[in-house]
Amino acid sequence: MKIGIDQIGLATPAFYLDLVELAKARGDDPDKYTIGIGQDEQAVAPSSQDVVTLGASAADFLSQADRDELGLIVVGTETGVDASKASALYIHALLGLNPWCRAIEIKEACYGGTAALMMARDYVAAHPTKKALVIAADIARYGLNSGGEVTQGAGAIAMLITAQPRLLAIHDDAVVKSGSIMDFWRPVYTDLAIAKGKYSTEQYLAFFQATWQRYSAETGHGVGDFEALCFHLPYTKMGLKALKTVLPEVDEPKQAALMANFEASCRYSRRIGNIYTGSLYLGLLSLLESNPHLQAGALIGLFSYGSGAVGEFFSAEVQPEFNEQLHPAAHQQRLTSRRRLSVAEYEAVFADKVPYAAADYHADPAYFAGSFVLTDVIGQQRQYRRL
Ligand code: HMG
């Protein structure tokens, strides 16, 4: 029985920052951002957007039948809104999902989305008539003027996991490696991540090499067997660095084909930035919606990395009905209709956040946009509504 992704939804805030403008404001060469880092734009989340509103918006495609057949809702995030209550429960309420399901949140940095996907895959394998909703949602914040500022972003990917999926079958061939390191983390008292930038990039590459080599040895697959390789994209240059370590394993025409598909996988990330848990799947969606030559049966390799750290390599196969499951025009429209913020406005939006304090908070209605918003925090309870 095939199990995998039947549908994918994308959400990202209605505001963005042009990174050429940010480079100029920070006294950097814009080429460093657009070429050296490989990012053009960055989604900016006002305080009325969080992983609940973005996650609910990404999953708003569910039909009534899907909602009724859900047995599991799992949110992978490292930007949770509560240390105890799962964001999946807020989303469950906003979307009016059936009560007869498990609703939970899962965490391991950017790897949380993959952990959720694999849990959902196993769940459907055990309960083939049921469906599982996986949401990978995050807001990446490193701080104004910080080393990581150019690699911020915000968004969510929602995936409906079913038996006999119409988009992608996820193979049961994952190789996963875990080891405790301090390359990136976020203490519970702050919304700003701490990153050892260079060390984190070295560890990303080391985890990729380790999992790829073991995967290749276990499955007999070589780079040449894959139509495309998708990577966790904290910034697109990171994925490129990883891809370049394995390109020498194939001839030049195959290298060019893999490069073209890699570029297709970067299109959305270049405009949205790092969405942590969802970044690998944003890249996957970008590949599927940007390459008109992709055929059913194509084998795609996926590398997931979450700092701290866990790395996983696995494969997926494009299904015959995949084209009908995609929405490239709608996603393009969503990106082009966003409002561009000046650097000064971005800085003001960045500073206006739900405080780590008990006082009531009211989000600025001037930035209410999207399908769902957080309106207030009253008596330490978050208030949401559909717009
Ligand atoms: P930095 O010090 O600003 O940049 O840090 P740099 O000096 O290393 O330069 C970056 C690249 O730009 C270099 O290219 C330069 O040569 C080039 P590279 O050598 O890497 O190929 N460059 C230029 N290119 C063209 N024209 C120019 C120019 N100037 C320089 N004029 C860094 C960059 C990404 C480290 C920083 O932004 C950062 O710390 N980001 C956050 C951490 C991060 O994203 N790490 C990635 C791996 S860890 C991960 O993926 C997990 C994560 O998603 C979190 C999670 O799991 O939850 C982060």
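Strand 5 (102-106), strand 6 (131-140), strand 10 (184-185) and strand 18 (381-386) each put at least two residues into the lining of the largest pocket. Strands here are DSSP runs of E with at least two residues, helices are runs of H or I with at least four, and both are numbered from the N terminus. Keep in mind that this is a predicted model, where local features need pLDDT of at least 70, side-chain atom pairs count only at pLDDT 80 or more, and totals for chains, interfaces and linings use all residues. Residues are numbered from 1 along each chain as its sequence is written, and side-chain values use heavy atoms, with hydrogens and water left out.

Back to that pocket. The largest pocket has a volume of about 1400 Å³, and of its 49 lining residues, T79, G80, V81, R186 and Y356 are the closest to the centre. A pocket is found on a 1 Å grid over the protein atoms alone, as an open set of points with protein on both sides within 12 Å along at least five of seven lines, and a lining residue has an atom within 4 Å of a point. Points are joined across faces, edges and corners, and the volume is the space filled by probe spheres set on them. Where does the largest pocket lie? It lies between domain 1 (3-168 + 326-386) and domain 2 (170-321), because both give residues to its lining. Those domain bounds come from an automatic or database domain assignment. By class, the lining has 26 nonpolar, ten polar and 13 charged residues; Ala, Val, Leu, Ile, Met, Phe, Trp, Tyr, Cys and Pro count as nonpolar, Asp, Glu, Lys and Arg as charged, and the others, Gly among them, as polar.

Now for the second largest pocket, which holds about 650 Å³ of space. It has 33 lining residues, and G148, T151, G197, S200 and Y235 sit closest to its centre. Helix 7 (197-219) is one of the elements that supply at least two residues, and with five it gives the most. Domain 1 and domain 2 each contribute at least three residues to this lining.

The largest cavity has a volume of about 100 Å³, and among its 13 lining residues A43, V44, A45, R141 and F350 are closest to the centre. Helix 12 (343-351) is one of the elements that give two or more residues, and its three are the largest share.

Methods:
1 Å grid on protein atoms, 1.4 Å probe; cavity = no way out; pocket = protein on both sides within 12 Å on 5 of 7 lines; lining within 4 Å.
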